[in-house]
Amino acid sequence: MLPAFIPLLFFVLLSACSTQTQSVVFENSISIIPLPQHISRQASVFVFNTNTAVFCPTKKVEQEFILLKELFKEGGISLNEVAQLPQQNYIEIELKDTVANTKSEKYHLNIDSTRIRLTAYSPVGVFWGIQTLRQLLPTNFSQPKQNILW
């Protein structure tokens, strides 16, 4: 049985979301609010499935990690937390440990065919990065399926 795929081809590099409440609309109707300072798209597909893992080595973003797990649970995917960085099919959450940026809401979101990497400077930045992931998911994401082509 072939799973239903929703093709969404892109590579997103988000850097430091601005506070503007505008949206970025591409030719295929991708909208992101608030407006990121930088987006770069390339043909790349990340597939969420039952083997998708999450690597989050810090407990400082435990609440945000729970939010991420709940988001994917809505789509019928239980994310597996792993202690070591996998080779492929994973989401990595990195919290930069810099005292000067503890109040920063900046984050970088990189998506390619092997991984999603969310790097932030505070737990608030991780939260906003997860909210961006939520906006980029297909509209029918909450309908359970085996694989999600992203």
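Q: What should I know about the numbering and the model before starting?
A: Residues count from 1 along each chain as its sequence is written. The model is predicted, so to speak: local features need pLDDT of at least 70, side-chain atom pairs count only at pLDDT 80 or more, totals for chains, interfaces and linings use all residues, and side-chain values use heavy atoms, with hydrogens and water left out.

Q: How many helices and strands does the protein have?
A: Helices (H or I, at least four residues) and strands (E, at least two) are DSSP runs, numbered from the N terminus. Here you get 2 helices and 8 strands, in the order β-β-β-α-β-β-β-β-α-β.

Q: Is E64 buried or exposed?
A: Buried means under 20% relative accessible area, exposed over 50%, partly exposed in between (1.4 Å probe, protein chains only). E64 sits in helix α1 (residues 62-74) and counts as buried because its relative accessibility is 13%.

Q: Which residues does E64 touch, leaving out those up to four places away in sequence?
A: Contact means heavy atoms within 4.5 Å. E64 touches P123, V126, F127 and I130 on that basis. Take P123: it lies 59 residues from E64 in sequence, yet their C-alpha atoms are 7.2 Å apart.

Q: Which residues touch the most other members of the largest nonpolar core?
A: Nonpolar side chains tend to be buried together in soluble globular proteins. A nonpolar core is a set of buried Ala, Val, Leu, Ile, Met, Phe, Trp, Tyr and Cys residues joined through side-chain atoms within 4.5 Å. In this 27-residue core, the answer is L68 and F72. Elements giving it two or more residues are α1, β5 (90-95), β6 (107-111), β7 (115-120) and α2 (123-136).
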